[in-house]
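Student: I would like to learn how to read the packing of helices, sheets and domains. Could we go through one example together?

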Amino acid sequence: MQNRANYIQVECEINGKPVDLFISPDRTVVDVLRNELGLTGTKQGCDDGNCGACTILVDGKAAKSCSMLIGQIRNKKVTTIEGVSDGDVLHPMQQAFIDHFAIQCGFCTPGMIMTAIAILNENPNANEDDIREGLHGNLCRCTGYVKIVEAVEDARDQINAGGAN
Amino acid sequence: MKFNAYYEPNTVAECVQILSEQGSDAKMLAGGTDLVIRLRSRVLKPKTVVSLNAIPELGEVTLKEDGLYIGAMARLMDVSKSELLTGAWKIVKTGAGNVSSMQVRNNATLGGNTCNASPSADTVPGLVVSGAIANIVGKNGERSVLLEDFFTGPGKTVLADDEMLVSFKLPKYADKTGAVYKKYSIRGDTDIAIIGVAGKITLNAQGEVADMKIALGGVAPTVIRVPKAEALLTGKKLTEQLIEEAAVIASESCTPITDARATKEYRTEMVRVWVRHVLTDAAQEAQKN
């Protein structure tokens with residue numbers, strides 16, 4: 001482990017709460033989320049920037065948290081899967097994944113949902129092509145994507161209708 | 001992954017000062033999408049990491065009298081959607097949009113993709129045919145290098161230990177110019193390019209080629225131009241026959257390797273095919289612009 005003399009201070013906001021970290025700068029964001037903050041919803045898959053299981057939102061934009069050093073979220077607003085709903089009612093995207101059975105083993109699901117939310121943040125009217133293009137960086141080895149895309153389309157329609165849940 | 005120090009300078013001057021003190025022990029962190037992976041796999045073992053993420057001026061994109069200036073820290077997602085990249089400059093948007101997935105493009109930067117000096121970097125062929133100039137700042141001041149002269153080998157550039165890339169300048173393009181980049185990969189954008197081909201053609205009033213450039217990615221130690229093919233076409237009216245001849249010259253001038261993605265024979269053959277498509281499309285674009 002590192003000498004604490006090399007630690008850096010990282011102030012940021014995670015799921016709406018201010019967080020003040022004093023931490024070794026060589027740690028990745030996914031590592032800190034899971035092992036320091038207990039936010040294990042963000043999955044560590046390939047840890048190589050390919051699979052997308054570790055996707056989080058940084059200032060509303062999707063990012064792979066395995067490919068970011070902890071210093072890169074300084075002064076940023078981070079959202080993880082734990083932060084997308086208020087704890088009582090699921091986010092429409094989560095509900096749509098359940099309704100469409102867009103989950104088998106579930107390992108890719110948090111990353112899929114974060115990316116899907118980012119796609120709709122970027123373009124609330126994303127069509128199937130936009131959704132597939134956006135999900136390009138998320139791998140699922142179970143379902144074959146059809147149900148995932150259907151879930152995102154359903155969530156889009158529900159959100160646009162303004163009355164999901 | 002272990003390094004001893006993490007710096008986050010707020011200005012270019014401060015950054016250059018840190019780089020000159022740290023020498024070859026330091027690595028610059030832009031978006032991190034390549035660097036962090038290589039730190040974790042221990043391909044790179046720097047003692048110091050210098051983040052460029054707190055230097056606002058490096059992210060600016062500015063249209064000036066003599067061309068478009070794109071900061072080295074401009075994120076690929078922003079570049080791929082920039083409305084300042086018009087006409088023949090759109091090739092730079094295409095290249096940026098071809099890099100990996102949304103999550104990666106949100107973080108990765110134009111300067112980072114360049115400074116990694118991967119021969120198959122998607123942004124580089126388009127920048128090269130656009131005549132991009134790399135603006136560099138170091139301990140001894142500023143200098144500018146034509147981007148095609150920036151690379152010295154796979155992962156190697158002309159940057160000295162105390163130097164950093166701060167921006168790209170894209171010179172203005174002439175009327176009747178078309179530029180096209182095509183990436184060839186098995187799994188679309190998420191995959192690394194097997195080959196990448198960029199072509200830029202400027203036509204004169206008679207419809208002849210006034211100026212042209214071809215750049216090839218993934219088929220040599222660095223992105224290369226094909227001067228022999230460019231010379232063959234310049235001053236002539238393009239025909240299918242001429243384009244095919246240029247494509248053959250291009251495929252003969254590359255020196256690809258065989259790796260997990262493709263054999264050298266396959267790459268060579270694909271260069272011929274892709275150069276033909278790129279030049280045909282670029283000529284059509286040029287007539288429209």
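Tutor: Start with how a helix angle is defined: axes are lines fitted to C-alpha atoms, for helices over the stretch in contact, and angles run from 0 to 180 degrees between N-to-C directions. Keep in mind that this is a predicted model.

Student: At what angle do helix α2 and helix α5 of chain A pack, and how far apart are their axes?

Tutor: Helix α2 (residues 92-99) of chain A packs against helix α5 (residues 146-161) of chain A at about 135°, and the axes are 8 Å apart. Angles over 145 degrees count as roughly antiparallel and 65 to 115 as roughly perpendicular, so α2(A) is oblique to α5(A). As for handedness, α2(A) passes α5(A) in a right-handed crossing.

Student: Which residues of α2(A) and α5(A) meet?

Tutor: From α2(A) come Pro92(A), Met93(A), Ala96(A), Phe97(A) and Asp99(A). They meet Ala151(A), Asp154(A), Ala155(A), Gln158(A) and Ile159(A) in α5(A). Sorted by class, the residues of this contact are seven nonpolar, one polar and two charged.

Student: How do α2(A) and α3(A) cross?

Tutor: The axes of α2(A) and α3(A) come within 10 Å and cross at roughly 125°. The two helices are therefore oblique to each other, and their crossing is right-handed. The contact is made by Met93(A), Gln94(A) and Phe97(A) of α2(A), together with Thr109(A), Ile113(A), Ala116(A) and Ile117(A) of α3(A). By class it has five nonpolar, two polar and no charged residues.

Student: Now the domains. Into which domains is chain A divided?

Tutor: Chain A has domain 1 (4-83) and domain 2 (92-160). A distance between centres gives one view of the pair: the C-alpha centres of these domains of chain A lie 22 Å apart. A count of contacts gives another: 15 residues of domain 1 of chain A are in contact with 13 residues of domain 2 of chain A.

Student: Which strands each supply at least two residues of the side of domain 1 of chain A that touches domain 2 of chain A?

Tutor: They are β3 (55-58) and β4 (61-64) of chain A. β3(A) gives the most, with three residues. That side of domain 1 of chain A divides into seven nonpolar, six polar and two charged residues.

Student: How should I read a sheet?

Tutor: Strands of a sheet pair through backbone hydrogen bonds, either parallel or antiparallel. In chain B, four strands form an open sheet in the order β11-β12-β13-β14, with antiparallel pairing. Its edge strands are β11 (177-184) and β14 (224-225) of chain B, each of which pairs on one side only.

Student: Over how many bridges do β12 and β13 of chain B pair?

Tutor: Strand β12 (residues 195-203) of chain B and strand β13 (residues 209-217) of chain B pair in the antiparallel sense over eight bridges. Leu203(B) stands opposite Val209(B) in β13(B). Helix α4 (residues 90-97) of chain B packs on the sheet and touches β11 and β12 of chain B. The direction of this helix makes about 10° with that of β11(B).

Definitions and conventions
Residues are numbered from 1 along each chain as its sequence is written. Chains are lettered from A and ligands numbered from 1 in the order in which they are written. This is a predicted model: local features need pLDDT of at least 70, side-chain atom pairs count only at pLDDT 80 or more; totals for chains, interfaces and linings use all residues. Angles under 35 degrees count as roughly parallel, over 145 as roughly antiparallel, 65 to 115 as roughly perpendicular and the rest as oblique. A crossing is left-handed if the near helix is turned anticlockwise from the far one by less than a right angle, and right-handed if clockwise. Two residues are in contact if their C-beta atoms, placed from the backbone, lie within 7 Å. Ala, Val, Leu, Ile, Met, Phe, Trp, Tyr, Cys and Pro count as nonpolar, Asp, Glu, Lys and Arg as charged, and the others, Gly among them, as polar. Domain bounds come from an automatic or database domain assignment. Two strands pair if DSSP finds at least two bridges between them.
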